[in-house]
Amino acid sequence: MERVPILKLGDILIISIQIDLDDQSVLALQEDLADRVVSAGARGVIIDISAVEIIDSFIGRMFATIAGMCRMLDAETVVVGMRPAVAITLVELGLSLGGVRTALNLEKGVALLDHLGDRGTPR
Amino acid sequence: MTQDGHLAISGNADLVMVRQQVRVVAVEAGLSLIDQTKIVTAASELARNALIHAGGGRVSIVVVEDGRRRGLRLTFSDEGPGIPDLDRALTDGFTTAGGLGLGLGGSRRLVDEFDVASAPGKGTTITATKWARG
């Protein structure tokens, strides 16, 4: 099993998925991230999937789980960099990723988190 | 890969192997990037189904031609318990394994031809074909 590194930038945690995720790595990431959000006092989590070639229902569900989990730990999650072919496939598969915020790229993801932080009360 | 061109599905790491191999053959078959992504995603769902519901299985990945066009055909087979009620199993949201219930119905939407042969106690064979668009 490969572990996905979690980087810290200020009060944001950044995860860039560069490997072909197997199910065990997905579950390990969820657990590692929950610990890091608390220990780092993070207010935002960005998951960069620009290198991810496919997302199936298991991986898709991970994003929803992570977003829900982080919200409970007082952090917002943004998934950034989804490839167009992945977006088309997810919709056809029937996975809408409701409740998961997305942004086109890392820069816009950081801007979105800043915006949410400024407003104080996230949507 | 075994000698008869089958990939074994017996553990989590095999899902990654299946996805990678399907991608390679999808490129060979001339599928577009979007169609490659769809068939690889369907393969991932079906391989996981074989793993979860039957404890494992195997898949053959072949390039097919019908005279006008090329395509990619995946045949997943397992010797698991079979699917008692196929109509229900194909319904979105129906799950017996605690998942999202999108595997079978979602895979069917992602490919051009989809066929399930299954009977209780006799295992399951699923054939999924994606054609390259001219």
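In chain B, helices α2(B) and α4(B) cross in a left-handed sense. A crossing is left-handed if the near helix is turned anticlockwise from the far one by less than a right angle, and right-handed if clockwise. This is a predicted model, in which local features need pLDDT of at least 70 and side-chain atom pairs count only at pLDDT 80 or more, while totals for chains, interfaces and linings use all residues. Residues are numbered from 1 along each chain as its sequence is written, chains are lettered from A and ligands numbered from 1 in the order in which they are written, and side-chain values use heavy atoms, leaving out hydrogens and water.

Helix α4 of chain B covers residues 103-110, and its axis lies 9 Å from that of α2(B), at an angle of about 155°. Helices (H or I, at least four residues) and strands (E, at least two) are DSSP runs, numbered from the N terminus. Axes are lines fitted to C-alpha atoms, for helices over the stretch in contact, and angles run from 0 to 180 degrees between N-to-C directions. The two helices α2(B) and α4(B) are therefore roughly antiparallel. Angles under 35 degrees count as roughly parallel, over 145 as roughly antiparallel, 65 to 115 as roughly perpendicular and the rest as oblique.

The second pair joins the two chains. Helix α3 of chain A (residues 84-93) packs with α2(B) (residues 33-54) at about 50°, with the axes 9 Å apart. The pair α3(A) and α2(B) is therefore oblique, and its crossing is right-handed. Which residues of α3(A) and α2(B) meet? Among them are Ala85(A), Ile88(A) and Leu93(A) from α3(A), and Leu33(B), Thr37(B) and Glu45(B) from α2(B); contact means heavy atoms within 4.5 Å.

Helix α2 of chain B also holds Gln36(B). Is Gln36(B) buried or exposed? Gln36(B) is buried because its relative accessible area is 10%; buried means under 20%, exposed over 50%, and partly exposed in between (1.4 Å probe, protein chains only). Leaving aside residues up to four places away in sequence, Gln36(B) touches Arg23(B), Ala26(B), Val27(B) and Leu31(B).

In chain A, Glu76(A) sits in strand β4, residues 76-80. Glu76(A) is likewise buried, with a relative accessible area of 10%. Its side chain makes a polar contact with the side chain of Arg101(A) at 3.1 Å. A polar contact is a pair of N or O atoms within 3.5 Å; within protein, one must be able to donate a hydrogen and the other to accept it, and residues adjacent in sequence count only if both atoms are side-chain atoms.
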